[in-house]
Amino acid sequence: MNSNRKTVIAGNWKMNKTPKEAEALLREVLPAADGAACEVVVCVPYVDLPVACNVAGGSNVKVGAQNVHFKPSGAYTGEISAAMLQELGVSYVVVGHSERREYFAETDATVALKIAATLDAGITPILCVGESLAEREQGIMAERIRTQIKIDLAGVAAADMGKVVIAYEPIWAIGTGKTATSEQAQEVCKLIRDTLCELFGADAAQGVSILYGGSMNAKNAAELLAQPDIDGGLIGGASLKAEDFGKIIAAAN
Ligand code: PEP
């Protein structure tokens with residue numbers, strides 16, 4: 001972590017928790033986040049957003065969505081626009097999560113459009129990038145990450161990069177219990193920052209919070225968060241247990 005950048009601890013609840021269950025979990029998370037020095041975010045299913053925004057209102061917990069459509073409105077059955085999220089009080093949106101890329105055919109081109117729509121609405125995108133195990137084993141991890149960063153952020157001005165959060169999520173570490181070592185995670189987060197430096201300049205690159213995601217938990221968080229280019233975590237499984245999520249928040253403080 002670097003004290004000049006915002007530390008962000010974001011939970012990704014994925015397709016878990018009904019609105020009633022979401023309210024109960026969030027009420028358990030609030031005390032753990034009370035007084036936290038880092039930014040605490042919960043990215044909840046669409047239907048949980050109204051209750052989450054309501055319950056988190058006035059607290060230091062920010063609410064995020066897990067997806068957004070890139071068009072402002074129109075005949076896109078089943079989709080949700082950035083303006084709809086903004087009206088609810090949503091502050092963050094996860095964009096380009098590997099599960100969306102894998103199961104819902106999300107491409108770097110649509111991710112780039114979603115980043116633009118999100119920024120236009122004044123919402124902070126959490127852009128997810130990461131390589132598969134096969135790509136790592138073939139020695140093309142760096143190429144893959146750099147390509148994602150270049151295409152996904154192609155439409156963003158350097159002056160807006162401070163409004164973007166990036167999450168490095170090796171696909172092989174998501175939901176597998178297999179965490180990247182702190183050295184592996186630092187190496188790729190630094191690669192991301194170096195790529196941002198090439199694209200947007202050193203000042204912009206230094207200001208971007210880069211999170212690690214992939215089986216981060218109460219035990220391994222402190223070591224990962226101690227790395228100089230890791231500015232927080234995107235946490236799936238462990239964010240569904242208030243006690244574990246609270247321990248990760250404490251490790252970030
Ligand atoms: C995620 O889905 O973004 C994630 C990191 O999940 P998990 O922590 O369960 O690996």
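The model is predicted: local features need pLDDT of at least 70, side-chain atom pairs count only at pLDDT 80 or more, and totals for chains, interfaces and linings use all residues. Residues are numbered from 1 along each chain as its sequence is written, and side-chain values use heavy atoms, with hydrogens and water left out.

**Ligand shell**

- The ligand is surrounded by 14 residues (near means a heavy atom within 4 Å).
- K14, E169, G175, S215 and G236 are the closest.
- The shell holds 4 nonpolar, 8 polar and 2 charged residues. Ala, Val, Leu, Ile, Met, Phe, Trp, Tyr, Cys and Pro count as nonpolar, Asp, Glu, Lys and Arg as charged, and the others, Gly among them, as polar.

**Ligand contacts**

- The side chain of E169 places an N or O atom 2.6 Å from a ligand oxygen atom.
- S215 has a backbone N or O atom 2.8 Å from an oxygen atom of the ligand.
- For G237, a backbone N or O atom lies 2.9 Å from a ligand oxygen atom.
- The protein buries 95% of the 290 Å² that the ligand exposes when taken alone (Shrake-Rupley method, 1.4 Å probe).

**Helix packing**

Helices are DSSP runs of H or I, at least four residues, numbered from the N terminus. Axes are lines fitted to C-alpha atoms over the stretch in contact, and angles run from 0 to 180 degrees between N-to-C directions. Angles under 35 degrees count as roughly parallel, over 145 as roughly antiparallel, 65 to 115 as roughly perpendicular and the rest as oblique. A crossing is right-handed if the near helix is turned clockwise from the far one by less than a right angle.

- Helix 1 (residues 19-33) and helix 11 (residues 242-252) have axes that come within 9 Å and cross at roughly 25°. The two helices are therefore roughly parallel. Helix 1 passes helix 11 in a right-handed crossing.
- Helix 1 also packs with helix 2 (residues 49-56), at about 25° with axes 9 Å apart. Helix 1 and helix 2 are therefore roughly parallel. Their crossing is right-handed.
- The axes of helix 7 (residues 141-152) and helix 8 (residues 182-200) come within 10 Å and cross at roughly 45°. That makes helix 7 oblique to helix 8. Helix 7 passes helix 8 in a right-handed crossing.

Conventions. Polar contact = N/O pair within 3.5 Å; in protein donor to acceptor, adjacent residues only side chain to side chain.
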